[in-house]
Amino acid sequence: MKKRTIAVFDFDGTLTTKDTLLEFIKFACGRRRFILGFLLYSPILVLMKLHLYPNWKAKQKVFAYFFKGWGYRRFKSLGQSFSSEIEKIRNESVIKKMENHIHCSDTVYVVSASISEWVRPWCEQMNVSGVMATEIEVDQKGLITGRFLTDNCYGQEKVNRLAEKEPDRESYCLYAYGDSRGDKELLEYADHGFLC
């Protein structure tokens with residue numbers, strides 16, 4: 001029996017040319033607040049880049065600074081509107097590969113450390129089969145707590161999410177596309193891993 005083909009794409013820096021967390025913060029909060037926030041958190045971000053502070057923890061602190069206490073409906077609406085901004089930072093060469101997989105009727109997933117509320121709307125427009133991304137916590141009043149509901153979808157977590165969604169690994173041939181350290185485990189897990 002012929003194996004199915006699954007193609008998995010990282011989002012930031014692979015399907016896009018920039019980090020969408022940073023672009024979304026600018027889009028939602030304005031450039032001035034963006035600069036102030038990153039000046040405030042620059043020591044933690046430097047430690048993260050030096051691998052002396054966990055990636056997920058730095059990301060959650062930055063996310064909480066900008067979005068804790070926001071109404072979820074407003075946040076989700078901005079995530080949907082952000083699709084037009086993503087169009088401006090498309091990585092056309094990799095998107096062409098994704099479109100080829102879709103054209104061949106392969107199952108195509110986007111697996112991203114970014115927040116699902118702005119990754120999913122764009123992916124749905126592109127006819128992607130599914131999205132696995134970092135999910136945020138919302139309290140009973142509909143306000144963002146600033147915490148992540150799931151593990152940051154980075155590194156080994158990308159493999160874990162895919163294995164949960166597609167557990168029968170022997171039944172499919174896996175193509176994976178990524179651009180950074182956060183994609184290493186996923187590329188190694190694939191039959192065909194491409195560093196873009």
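At what angle do helix H1 and helix H2 pack, and how many Å apart are their axes?

**Entry 1: ground rules.** I am looking at a predicted model, where local features need pLDDT of at least 70 and side-chain atom pairs count only at pLDDT 80 or more, while totals for chains, interfaces and linings use all residues. Residues are numbered from 1 along each chain as its sequence is written, and side-chain values use heavy atoms, with hydrogens and water left out.

**Entry 2: H1 and H2.** I looked up my opening pair: helix H1 (residues 20-29) and helix H2 (residues 31-40) pack at about 130°, with axes 7 Å apart. I noted that helices (H or I, at least four residues) and strands (E, at least two) are DSSP runs, numbered from the N terminus. The axes are lines fitted to C-alpha atoms, for helices over the stretch in contact, and the angles run from 0 to 180 degrees between N-to-C directions. H1 and H2 are therefore oblique to each other. For the wording, under 35 degrees is roughly parallel, over 145 roughly antiparallel, 65 to 115 roughly perpendicular, and the rest oblique.

Next I asked which residues meet. From H1 come Leu 22, Ile 25, Lys 26 and Cys 29, and from H2 come Arg 31, Arg 33, Phe 34 and Phe 38. Contact here means heavy atoms within 4.5 Å. By class, I found five nonpolar, no polar and three charged residues in the contact of H1 with H2. Ala, Val, Leu, Ile, Met, Phe, Trp, Tyr, Cys and Pro count as nonpolar, Asp, Glu, Lys and Arg as charged, and the others, Gly among them, as polar.

**Entry 3: how covered is H1?** H1 is mostly covered, with seven of its 10 residues buried. Buried means under 20% relative accessible area, exposed over 50%, and partly exposed in between (1.4 Å probe, protein chains only). The buried residues of H1 are Thr 20, Leu 21, Glu 23, Phe 24, Ile 25, Ala 28 and Cys 29. Their cover includes H2, H4, H5, strand E2 (107-115) and H8.

**Entry 4: Phe 66.** I found Phe 66 in helix H4 (residues 55-67). Phe 66 counts as buried because its relative accessibility is 1%. Beyond residues up to four places away in sequence, Phe 66 touches Ile 25, Cys 29, Arg 33, Phe 34, Gly 37 and Phe 38. I also checked Phe 66 against Pro 54: they are 12 residues apart in sequence and 19 Å apart in space, C-alpha to C-alpha.

**Entry 5: the cores.** Which residues touch the most other members of the largest nonpolar core? In that core of 44 residues, they are Leu 15, Ile 25, Phe 67, Phe 75 and Trp 122. A nonpolar core is a set of buried Ala, Val, Leu, Ile, Met, Phe, Trp, Tyr and Cys residues joined through side-chain atoms within 4.5 Å. Leaving aside neighbours within four places in sequence, Phe 67 is in contact with Phe 24, Ile 25, Ala 28, Cys 29, Phe 75 and Ile 144.

**Entry 6: H5 and H8.** The axes of helix H5 (residues 72-81) and helix H8 (residues 116-125) come within 7 Å and cross at roughly 40°. H5 and H8 are therefore oblique to each other. In H5, I found Tyr 72, Phe 75, Lys 76, Gly 79 and Gln 80 meeting Glu 117, Trp 118 and Pro 121 in H8. The residues of the contact of H5 with H8 divide into four nonpolar, two polar and two charged.

**Entry 7: H3 and H4.** Helix H3 (residues 42-49) and H4 pack at about 160°, with axes 9 Å apart. H3 and H4 are therefore roughly antiparallel to each other. Ile 44, Leu 45 and Met 48 in H3 meet Asn 55, Ala 58, Lys 61 and Val 62 in H4.

**Entry 8: loop residues.** Is Thr 14 buried or exposed? I found Thr 14 in the loop between strand E1 (4-9) and H1, and Thr 14 is buried, at a relative accessible area of 0%. By contrast, His 51, in the loop between H3 and H4, counts as exposed at 68% relative accessibility. His 51 also has a positive phi of about 60° although it is not a glycine.
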